[in-house]
Amino acid sequence: MEPVTLTTERLLLRPLEPRDADAVLAACQDPDVQRWTTVPSPYERRHAEDFVHTISPAGWRADTLYTFGVFDPGGELVGSMGLVNTSRLRTERVAEIGYWTAPGQRGRGYTVEAARAVADWAFGALGVERLEWFAGVGNEASRSVALRVGFVMEGVQRARMVHRGRRVDAWAASLLPSDWGRASATPYAPSDGG
């Protein structure tokens, strides 16, 4: 897929570029980013360069990972917002959202604003019918963002993620187009519980 740029009232979301390596490197030194995400730890310059030079562009080309750098009005890196195309079949139309926020940018609502823009783009341009979110149990900041975006908590999945060489439980949530009053190509028939 050809990379896209999204804008919100306060933010610019664009594919990461080589010039962003220093900002990515600095943000990923944060202990919380390393604690809760899959970034390597310790996070070195080579990791930032690989992320902006290779991983991000390759994901867009392969139509499997759409990574956006999120930038504030002054052009500073707010964080990273990624959408993983998890559908094994075209008819599934499922994607997973993930994000991290630079420590100096937290508490301003930027990540919620960016996640809403990416979800809107996923539902519209990509035809996603189920957007999933997972975070290690205890990651209250990520959970708060997901809930403010409108994700519906679905519970805890045991041993859902491998983090730093061990399996950990994860909170799971989803967002459907119908949660935002939008239609899906595939009708949804909620269970009646029976």
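Predicted model: local features only at pLDDT ≥ 70, side-chain atom pairs only at ≥ 80, totals over all residues.
Me: What span should helix 4 have at 1.5 Å a residue?

Reply: The 15 residues of helix 4 should span 21 Å, and because its end C-alpha atoms lie 21 Å apart, the expectation and the model agree.

Me: Which elements give two or more residues to the largest nonpolar core?

Reply: The largest nonpolar core has 33 residues, and those with the most contacts inside it include Phe 68, Leu 131, Trp 133 and Phe 151. The elements that give two or more residues to this core are strand 3 (65-71), strand 4 (77-85), strand 5 (94-101), helix 4 (110-124), strand 6 (130-136), helix 5 (140-149) and strand 8 (166-175). Helix 4 gives the most, with nine residues. There is also a second, separate core of 16 residues, which includes Ala 21, Val 39, Tyr 43 and Leu 77.

Me: In what order do the eight strands form the sheet?

Reply: The general idea is that strands of a sheet pair through backbone hydrogen bonds, either parallel or antiparallel. Here the eight strands form an open sheet in the order 1-2-3-4-5-6-8-7, and the pairing is mixed. Strand 1 (6-7) and strand 7 (152-163) stand at the edges with a single partner strand each, so one side of each is left without a neighbour in the sheet.

Me: How many bridges join strand 8 to strand 7, and how many join strand 8 to strand 6?

Reply: Strand 7 and strand 8 run antiparallel and are joined by eight bridges, while six bridges join strand 6 to strand 8, a pair that also runs antiparallel. Strand 8 is mostly covered, with seven of its 10 residues buried.

Me: Which strands does helix 5 touch?

Reply: Helix 5 packs on the sheet and touches strand 5, strand 6, strand 7 and strand 8, its direction making about 160° with that of strand 6. Helix 3 (residues 45-62), in turn, lies across strand 3 and strand 4, running at about 125° to strand 3.

How values were computed. Residues numbered from 1 in each chain as written. Heavy atoms only, no water. Core = buried A, V, L, I, M, F, W, Y, C linked by side-chain atoms within 4.5 Å. Buried < 20%, exposed > 50% of the residue type's maximum accessible area, 1.4 Å probe, protein only. Helix = DSSP H or I, 4+ residues; strand = E, 2+ residues; numbered from the N terminus. Expected span 1.5 Å × (residues − 1). Pairing = 2+ DSSP bridges. Contact = heavy atoms within 4.5 Å. Axes fitted to C-alpha atoms, helices over the stretch in contact; angles between N-to-C directions.
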